[in-house]
Amino acid sequence: MPAVNHYFSAEPEAGAQRRDIAFTIAGREFSLVSTGGVFSADRLDPGTAVLLRKADLPGPDAAGPFLDLGCGYGPIASVLATVAPRATVYAIDVNSRARELATENAARVGATARVHVAAPDEVPDDVRFAQLWSNPPIRVGKPELHAMLDRWLPRLAPGGVAWLVVARHLGGDSLQKWIIERGWPVARHASQKGYRVLKVG
């Protein structure tokens, strides 16, 4: 039976060879650990890079809480916790290996106490988020993607904002239309390298 390599699998079976992923965001250098069986295991995903460089990162006084939806090995959560040192970040993923790596990478950036890595069902129901950040898993299919956004966008606090990045050729424009049809104000904040950065809220 072949190994299960989907990054959205709960228990990936792909090889777990460790590698360091280095990148720079907002003038800060990051070096995170990754392995096989997680999303974009060999590099900072180009869409995530566009999101982190084009969306409005929180400032140093922001307290959150923030949500990294589909955190993978934790690049978004690590950046948010670094640029907003007072903030609490919830980093959630269905992939158990991704959660292990996100926990390790939170420690790498000195944010173990402020980054809460969890499976989706482990997030307390009463938490409302000032910001939601996501490079959503388009390849799970539209029904699952829409169900995920229907679950988490209502968890935004009053005045909260969601930042999403979606490749145009994978349905970025149709996703924007769907979000509008669900009653959410949404704007295309930026476009770069074939990706759409959407601001919701």
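**Figure 1. Arg 86 and Asp 61 in a predicted model.** Arg 86 is exposed, and Asp 61 is exposed too. Here exposed means over 50% relative accessible area, buried under 20%, and partly exposed in between (1.4 Å probe, protein chains only). The two residues form a salt bridge, with the closest N and O atoms 3.7 Å apart. A salt bridge is a side-chain nitrogen of Lys or Arg within 4 Å of a carboxyl oxygen of Asp or Glu. The pair links distant parts of the chain, 25 residues apart. Arg 86 sits in the loop between helix 2 (75-83) and strand 4 (89-92). Asp 61 sits in the loop between helix 1 (46-54) and strand 3 (66-69). This is a predicted model: local features need pLDDT of at least 70, side-chain atom pairs count only at pLDDT 80 or more, and totals for chains, interfaces and linings use all residues. Residues are numbered from 1 along each chain as its sequence is written, and side-chain values use heavy atoms, leaving out hydrogens and water.

**Figure 2. The salt bridge of Arg 18 and Glu 104.** The closest N and O atoms are 2.6 Å apart. Arg 18 lies in the segment before strand 1 (19-25), and Glu 104 in helix 3 (residues 96-108), so the bridge ties together parts that are 86 residues apart in sequence. Arg 18 is partly exposed, at 47% relative accessible area. Glu 104 is partly exposed as well, at 29%.

**Figure 3. Asp 173, Arg 188 and Arg 196 in a network of salt bridges.** The side chains of Asp 173 and Arg 188 meet at 3.0 Å, N to O. Asp 173 belongs to helix 5 (residues 172-181) and Arg 188 to strand 8 (residues 186-192), so this pair ties together parts 15 residues apart in sequence. Asp 173 is partly exposed, with 33% relative accessibility. For Arg 188, also partly exposed, the relative accessible area is 40%. By the salt-bridge rule, the count comes to seven.

**Figure 4. The fold around these sites.** The chain has five helices and nine strands. Helices (H or I, at least four residues) and strands (E, at least two) are DSSP runs, numbered from the N terminus. Their order from the N terminus is β-β-α-β-α-β-α-β-β-α-β-α-β-β. Of the 201 residues, 53% are buried. Among contacts (heavy atoms within 4.5 Å) between residues at least 6 apart in sequence, 69% join residues at least 24 apart. The C-alpha trace spans about 45 × 45 × 35 Å along its principal axes.
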